[in-house]
Amino acid sequence: MSENLDWIDFDNQHVWHPYSAVGSDLPVFPVVSADGVRLRLADGRELIDGMSSWWCAIHGYNHPELKRAIQQQLDTMPHVMFGGLTHQPAVALAEKLIEITPGPLQTVFFADSGSVAVEVAMKMAIQYWRDKALPEKQRFLTIRRGYHGDTFGAMSVCDPDTGMHTLFSGILPQQLFVDAPRCYFGHPCKGDGAKALRKKLRKHHSHIAAVILEPIVQGAGGMRFYSSEYLKEVRSLCDQYGVLLILDEIATGFGRTGKLFACEHAKIAADIMCVGKSLTGGTMSLAATLTTEEVSKTISQGDPGLFMHGPTFMANPLACSAALASLNLLLDSPWQERIKHIETGLQQGLAPCRELPQVNEVRVLGAIGVVEMKKPVDMNQVQPCFVDAGVWVRPFGKLVYLMPPYIIDQNDLNTLTSAVFKVVEKCPI
Ligand SMILES: *Cc1c(COP(=O)(O)O)cnc(C)c1O
């Protein structure tokens, strides 16, 4: 660090980062600007971003159209309460989301983060069954290795072992779990792949409000890609046993897996669906929970006839304008080709990692590339190695993974994948 960067010291002593300790030895890198696929550090170094700021920055950084949308909205009305008032950015965005999401999703609840969108989805499911005169349907069934956010309801359906269950046991609602699907994406789910799920549903359906899961890609719980046949089976089991299906598309939504929404791989739709992360192209915090007319009408005509949730910053106009601009940008772009191109680049570029003895598995789906190590990586060592290699890659546990912005070109993608190979090969892991 060349300049006088007292604020870094202040950060270290006073500011929490995601899953962090205050005063830790782990390096935190000061970033001063970002443009396209590059992050610029305070010391002048530029890093090619392999993370899209955790799935979000699909168009890259500093995109003129996203900035224009936010600036225009800023000039007229950056925020207004949503209780009793409405505005055009929210309505236009809702219309767009209803248009592009699969199946019968007809109403939109805007939330400010993915975790809250999941809480909202869970509350919707509970209120729905209450208004259907089945108030005992209050529990949730999910698959292990999932990740749905950090708030209490969301935590309760995260993986019970790698998640935060032990830390908060006694406070978390007790949910039902089955093992994560064993059938990989692109493979059939031989025999009865969803047998465990069927068994649990048969036994407990009268107490289950919904099955909740991440379609096709289990993200922060392990970056695993599972068979679309399994997902298809989940949909039909939910119908058979009278249980709602909540699909958490917060990570997978808006093209990342090669389809606009991951559930399209299985040609199914949700009763309740959560989106977030890349919704605004990585510019503002916004998420949404969509549901069917059946669910929204039942709640609205039930008792008390209201859906019991309402964030202060609900449908923030800046965020809604950014999201609308981001969706238009995406849909007007050759995004399928771009994802295909990234998929091929990741497959070719990460393939050599398979030969390394430290590596357990390499897998790629759409614009997601994962190198799973045999042991957890030492972040203290690995993070600076990636920065020295000119890329921003942030592994967790045994997973070194890439999910670059969709606009990345072949050269930058090559730099990313070769950096992963070099670091995995050379760095003490
Ligand atoms: C990130 C994520 C969440 C939580 O979203 P936040 O905006 O971090 O609260 C929920 N579900 C999935 C699948 C996610 O990837």
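This is a predicted model: local features need pLDDT of at least 70, side-chain atom pairs count only at pLDDT 80 or more; totals for chains, interfaces and linings use all residues.
Good morning. The C-alpha centres of domain 1 and domain 2 lie 27 Å apart. The domain assignment gives domain 1 as 6–62 together with 334–426, and domain 2 as 77–332.

Let me turn to the interface between them. Domain 1 contributes 25 residues to the contact, and domain 2 contributes 31 residues. Between them the two domains bury about 2,300 Å², of which 68% is on carbon and sulfur atoms. On the side of domain 1, Trp55, Trp335 and Leu365 lose the most area to domain 2, and together they account for 34% of what that side buries.

What of the polar side of this interface? The count of salt bridges between domain 1 and domain 2 is 0, while 12 residue pairs are in polar contact across the interface. The elements that give two or more residues to the side of domain 1 touching domain 2 are α2, α12, β13, β14 and β16. Of these, β13 gives the most, with 4 residues. By class, that side of domain 1 has 20 nonpolar, 3 polar and 2 charged residues.

Is Glu372 buried or exposed? Its relative accessibility is 18%, and because the limit for buried is under 20%, Glu372 counts as buried. The side chain of Glu372 makes a polar contact of 2.7 Å with the side chain of Arg363. Beyond its neighbours within four places in sequence, Glu372 is in contact with Val359, Asn360, Glu361, Arg363, Lys398 and Leu399. Thank you.

Notes. Residues are numbered from 1 along each chain as its sequence is written. Side-chain values use heavy atoms; hydrogens and water are left out. Buried means under 20% relative accessible area, exposed over 50%, partly exposed in between (1.4 Å probe, protein chains only). A polar contact is a pair of N or O atoms within 3.5 Å; within protein, one must be able to donate a hydrogen and the other to accept it, and residues adjacent in sequence count only if both atoms are side-chain atoms. Contact means heavy atoms within 4.5 Å. Domain bounds come from an automatic or database domain assignment. Buried area is the accessible area (1.4 Å probe) that two parts lose on being put together, summed over both. A salt bridge is a side-chain nitrogen of Lys or Arg within 4 Å of a carboxyl oxygen of Asp or Glu. Ala, Val, Leu, Ile, Met, Phe, Trp, Tyr, Cys and Pro count as nonpolar, Asp, Glu, Lys and Arg as charged, and the others, Gly among them, as polar.
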